[in-house]
Amino acid sequence: MKWKEQITGMKAYQPGKSIDAVKKEFDLDEIVKLASNENPFGSSPKVHEFLANESFNFALYPDGYATNLRAAVATKLGVEENELIFGNGSDELISIITRALLYPGVNTVMAKPTFSQYSHNAKIEGAEIREVPLVDGNHDLDAMFDAIDDNTAVVWVCSPNNPTGVVIEDAPLQAFLKKVPSDVLVVLDEAYFEYVSNDRHKDTIPYIQDNPNIIILRTFSKAYGLAAFRVGYGIANKELIAKLDPVRGPFNNTVLSQAIAQVALEDDAYIEKCREENNKGKKQFEEFCGKNNLHYFTTDTNFILMEVKVDSDVVFQELMKRGFIIRSGNALGTPGYIRVTIGTQAQNEAFLTQLEAVLQEQGVFS
Ligand SMILES: *Cc1c(COP(=O)(O)O)cnc(C)c1O
């Protein structure tokens, strides 16, 4: 068959191991999954109430324009309805953007390591990938700017960055946005926006007014606790949205997903509570790292990238035997580190006890 040359040898996304698979493999009753940065508290109780009381006509296609959800998000963010695009998770928006803008002969600039879907999608489109190493877990925006040339179509900025958790502060970000040529799209992926508590990071939505070449991506998968429903959205000026929209599938968000995202959006108090709990959880990890002399990156997300001083694959395996699924840094471009989703305080405590035992066993504390 006449496959695109660039997809030969590509592998499907390797998700964190599933709870069921690990239960079976290690004959365990209880597993705590701290691998994919899902909200450990789940979603707002309002969502559960809604699901218990509503019924839907499953025979009909969903509203392809997500009219009600669109109106709710627009009001909440103070933007126009035509400044939004909805995706089947922000993953789909990443794929829509690459499909619309990348092809053989153009290039795309991103940090290294960063969220793997940028390069994965760019590769499928046959574009040249320019990866710019992070500095102390942070985007090197000067070097990224230097990597831009006449053939650059898209620049990916992940803030806070996955897998380091480091958020880009406002001043350098603004300076960067001002410099980037106006015919280069800057994607600001803010999947963890709701968890940010760094006061040197500002809300970026006003920037779409001055920078018609940026799109902000946010999602219901992380703080809103709705990863299963696959809803993400992009915010940009209306000309940019109008260009991207034809690339989107006609019915890309289900009836249920649209309705539930809208319910979750109304519960600000729930998000606030999750952020506070997450901040307490962060402290547990930071204290552990401090006490045990393990380096970590200051995180503005619900995960932490921390040093383990031994092969992270070994730590990953040993933790799995003890009922905890995390991500090994080897798989994320950060060997010697593990990425752990911050759980409930009880989960964190149990996890850190097991981690300490594993590191002890591995001779880290000799
Ligand atoms: C989780 C994540 C996404 C994908 O989120 P979905 O909306 O579930 O597709 C996008 N970007 C980053 C940086 C993420 O960590």
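The chain is assigned two domains: domain 1 (5-42 + 269-361) and domain 2 (45-265), with bounds that come from an automatic or database domain assignment. This is a predicted model, in which local features need pLDDT of at least 70 and side-chain atom pairs count only at pLDDT 80 or more, while totals for chains, interfaces and linings use all residues. Residues are numbered from 1 along each chain as its sequence is written, and side-chain values use heavy atoms, with hydrogens and water left out.

Let us start with how the domains meet. The centres of domain 1 and domain 2, taken over C-alpha atoms, are 24 Å apart. In contact across the two are 29 residues of domain 1 and 30 residues of domain 2, where contact means heavy atoms within 4.5 Å.

Next come the pockets. Rolling a probe the size of a water molecule over the atoms shows where empty space is left. Here a pocket is an open set of points on a 1 Å grid over the protein atoms alone, where a 1.4 Å probe fits, with protein on both sides within 12 Å along at least five of seven lines; lining residues have an atom within 4 Å of a point. Grid points are joined across faces, edges and corners, and a volume is the space filled by probe spheres set on the points.

| Pocket | Volume | Lining |
|---|---|---|
| Largest pocket | about 1200 Å³ | 46 residues |
| Second largest pocket | about 330 Å³ | 21 residues |

Tyr-13, Phe-115, Ser-116, Gln-117 and Arg-327 are the lining residues nearest the centre of the largest pocket. Its lining divides into 18 nonpolar, 16 polar and 12 charged residues; Ala, Val, Leu, Ile, Met, Phe, Trp, Tyr, Cys and Pro count as nonpolar, Asp, Glu, Lys and Arg as charged, and the others, Gly among them, as polar. Domain 1 and domain 2 each supply at least three residues of this lining.

In the second largest pocket, Lys-33, Glu-38, Asn-39, Pro-40 and Gly-42 lie nearest the centre. The lining holds 10 nonpolar, 9 polar and 2 charged residues. Both domains give residues to the lining of the second largest pocket, so this pocket lies between them.

How do α4 and α5 sit together? Their axes come within 9 Å and cross at roughly 35 degrees; axes are lines fitted to C-alpha atoms, for helices over the stretch in contact, and angles run from 0 to 180 degrees between N-to-C directions. The contact joins Asp-91, Ile-94, Ser-95 and Thr-98 of α4 to Gln-117, Tyr-118, Asn-121 and Ala-122 of α5.

Finally, some backbone details. Most residues other than glycine have a negative phi, and most peptide bonds are trans. The bond from Lys-112 to Pro-113 is cis, with omega near -5 degrees, and Pro-113 lies in the loop between β3 and α5. Asp-27, in the loop between α1 (19-26) and β1 (32-33), has a positive phi, near 55 degrees.

Notes. Helices (H or I, at least four residues) and strands (E, at least two) are DSSP runs, numbered from the N terminus.
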